[in-house]
Amino acid sequence: MKLVIYGKGGIGKSTTTSNLAVAFARRKKSVLQIGCDPKHDSTFPIAHSLIPTATEVLAEKDFNYDEVDKDDIIFTGYEGIACVEAGGPAAGVGCAGYVVGETIGLLSDLGALTAYDIILFDVLGDVVCGGFSVPLQHADYAVIVATNDFDSLFAANRIAAAVAQKGKSYPVKFAGMIANRCSKKDLIDALSARLDSKTIGLIEENSSIRTSRLGGKTIFEAAESDPALVALTMPYIEIADYLLSNPAAQETLPLSDREVFSLLTEIESAAK
């Protein structure tokens, strides 16, 4: 199963992806996590370091793709999870979206895209240009991480539109949204319903989850030394189990920008 995880920048998407990777591994699945962001920090809670990126490795080999081996770009971390970081050009130089496509092509040539039970693509923020939508061409499901606020959900709707567009040519389906860092999810539920989708999990705000990432660990690994944190792992297990059930998914029907603006502002106004 190939899953693409999207979400507005700073929403906790990489933290969610890393913890989901462990949840799948705890279900005895082989997992590959691919960071698709020039910051190349998606996998460090799994690998415990900033691993060499595909961009860096290719540069060292003068971009001779035939000289790249699996071990050059795939690194094994916590729970045996395989990690890859696409990397990208320096800020303001080149196209990071192009790098994502090239990295996926390289992994495909190396046979990595068929070597694991679960592949997670952690894709940069809310950028939905052609390069950053390439993972959708390879995915079974897309998942959006969102908080219960206007900016996050405005971006989520635009990402859903990209999923719908790719779904016309590829088999990718929109599995739903994960409510992250929030106690309420009324806005998320409302947008999910309008998208003919659903909210597939709620991860409440908790400083321990953020602290574990800052310490280079997932909450699962942090819980090994602090049993009080075990309860925080359960939402990720539940989301992983839901996705492993191969859920049916409706055709995504994204709203226009003005429609999602009206929907969210009306709900907020009614709540006051």
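Reader: Before anything else, what does buried mean here?

Author: A residue counts as buried if its relative accessible area is under 20%. Please note also that this model is predicted.

Reader: Understood. How many residues of strand E5 are buried?

Author: Six of the six residues of E5, which covers residues 118–123, are buried. Ile118, Leu120 and Asp122 point one way from the strand, and Ile119, Phe121 and Val123 point the other way.

Reader: Why do the side chains go both ways?

Author: In a regular strand, side chains alternate between the two faces of the sheet.

Reader: Which strands are joined to E5?

Author: E1 runs parallel to E5 and is joined to it by four bridges, with lysine 2 opposite isoleucine 119. Strand E2, residues 31–36, is also parallel to E5, and six bridges join the two. In that pairing, isoleucine 34 stands opposite phenylalanine 121.

Reader: Is E6 mostly covered or mostly open?

Author: Strand E6, residues 141–146, is mostly covered, with six of its six residues buried. Tyr141, Val143 and Val145 lie on one side, while Ala142, Ile144 and Ala146 lie on the other.

Reader: What comes with E6 in the β-α-β unit?

Author: Helix H6 and strand E7 complete that unit, which is right-handed. E6 and E7, the latter being residues 173–180, pair in the parallel sense over six bridges. Isoleucine 144 has methionine 177 in E7 as its bridge partner.

Reader: What span should H6 have?

Author: H6 has 18 residues, and at 1.5 Å a residue they should span 26 Å. The C-alpha atoms at its ends are 25 Å apart, so the two values agree.

Reader: Which residues of H6 are buried?

Author: Among them are Leu153, Ile159 and Val163, several alanines including Ala155 and Ala156, and also Asn157 and Lys166.

Reader: What lines the largest cavity?

Author: The lining includes Gly12, Thr15, Thr16, Asn180, Arg181, Glu204 and Tyr236. Helix H1 (13–26) and helix H8 (207–214) are the elements that give two or more residues to this lining.

Reader: How many of the lining residues are nonpolar, polar and charged?

Author: Three are nonpolar, five are polar and four are charged.

How values were computed:
Residues are numbered from 1 along each chain as its sequence is written. This is a predicted model: local features need pLDDT of at least 70, side-chain atom pairs count only at pLDDT 80 or more; totals for chains, interfaces and linings use all residues. Side-chain values use heavy atoms; hydrogens and water are left out. Buried means under 20% relative accessible area, exposed over 50%, partly exposed in between (1.4 Å probe, protein chains only). Two strands pair if DSSP finds at least two bridges between them. A crossover is right-handed if, with the strands pointing away from the viewer, the path from the first strand over the helix to the second runs clockwise. The expected span of a helix is 1.5 Å times one less than its number of residues. On a 1 Å grid over the protein atoms alone, a cavity is a set of points where a 1.4 Å probe fits but cannot get out, and a pocket is an open set with protein on both sides within 12 Å along at least five of seven lines; lining residues have an atom within 4 Å of a point. Ala, Val, Leu, Ile, Met, Phe, Trp, Tyr, Cys and Pro count as nonpolar, Asp, Glu, Lys and Arg as charged, and the others, Gly among them, as polar.
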